[in-house]
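Please keep the sequence and the structure in view while reading.

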Amino acid sequence: MLIFSLIAAAVLIGADQLIKFWAVEVLQDKESISFLHIGDFKIMDLTYLENSGAVFGSFAGMRWLLVGITSVMLIVCLWGIIRYGNHSKLLNVSLTLIFAGGIGNLIDRIFRDGLVIDYLEVKLFDFAIFNFADCCVVIGIVLFIFYVLFSGEKNSESKTKKTEEHQENA
């Protein structure tokens, strides 16, 4: 599973960096490009933005704090993949997505003077402009929460303990 996770992370990081390279080359000097519309109904546009912060611009200008927090998160995710990745495919996929997205944005923070390249603008409702790495992190977190809330491992562990206790008492 570790090899799968590392290969998947490398592919996701590569895709993120290629899209960001494209965004810099194509979108940087433009207002917005229509992307996903149904008739006159706008759903999403491509809009170039250099973000010095985190979610919704929080911690703007705090480059090294964000690098530090992201690095700790990456270490925890990698440890989780190594230690628990074989326990559940869902857990492994969620941690791999968080890990890949974190590295994608960390690369930007380190090599682009603290600026993360964002380009996906939701027009359906007023929302932040984000990127592929952000999508990986958010989907990974949602899957991780789903794993924690609905994983049968907690239930099976408690059933095993109750069964063992019942057998000892019998």
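Cys136 is buried, at a relative accessible area of 5%; buried stands for under 20% relative accessible area, exposed for over 50% and partly exposed for the range in between, with a 1.4 Å probe and protein chains only. The model is a predicted one, in which local features need pLDDT of at least 70 and side-chain atom pairs count only at pLDDT 80 or more, while totals for chains, interfaces and linings use all residues. Residues are numbered from 1 along each chain as its sequence is written, and side-chain values rest on heavy atoms, without hydrogens and water.

The closest cysteine sulfur to that of Cys136 belongs to Cys135 and lies 7.0 Å away, too far for a bond. The structure holds zero disulfides, a disulfide being a pair of cysteine sulfur atoms within 2.5 Å. Cys77 is likewise buried, with a relative accessibility of 5%.

A search of the whole structure gives four aromatic pairs. Rings of Phe, Tyr and Trp (its six-membered ring) pair if their centres lie within 6.5 Å; planes under 30 degrees apart are stacked, over 60 edge-to-face and the rest tilted. Two of the pairs are set out below.

| Pair | Distance of centres | Angle of planes | Class |
|---|---|---|---|
| Trp79 and Tyr84 | 5.5 Å | 80° | edge-to-face |
| Phe146 and Phe150 | 4.9 Å | 50° | tilted |

Tyr84 is partly exposed, at 29% relative accessible area. Phe146 and Phe150 are four residues apart in helix H4, and are therefore separated by about one helical turn; helices (H or I, at least four residues) and strands (E, at least two) are DSSP runs numbered from the N terminus. Phe146 is partly exposed at 45% relative accessibility, whereas Phe150 is exposed at 59%. Elsewhere, ring pairs join Phe125, Phe127 and Phe130 into a cluster.

The largest pocket has a volume of about 660 Å³. A pocket is an open set of points on a 1 Å grid over the protein atoms alone, where a 1.4 Å probe fits, with protein on both sides within 12 Å along at least five of seven lines; lining residues have an atom within 4 Å of a point. The volume is the space filled by probe spheres set on the points. Of the 25 lining residues, Ala54, Val55, Asn105, Asp134 and Val137 lie nearest the centre of this pocket. Elements that each supply at least two residues of the lining include strand E2 (41-51), helix H2 (63-84) and helix H4 (132-150).
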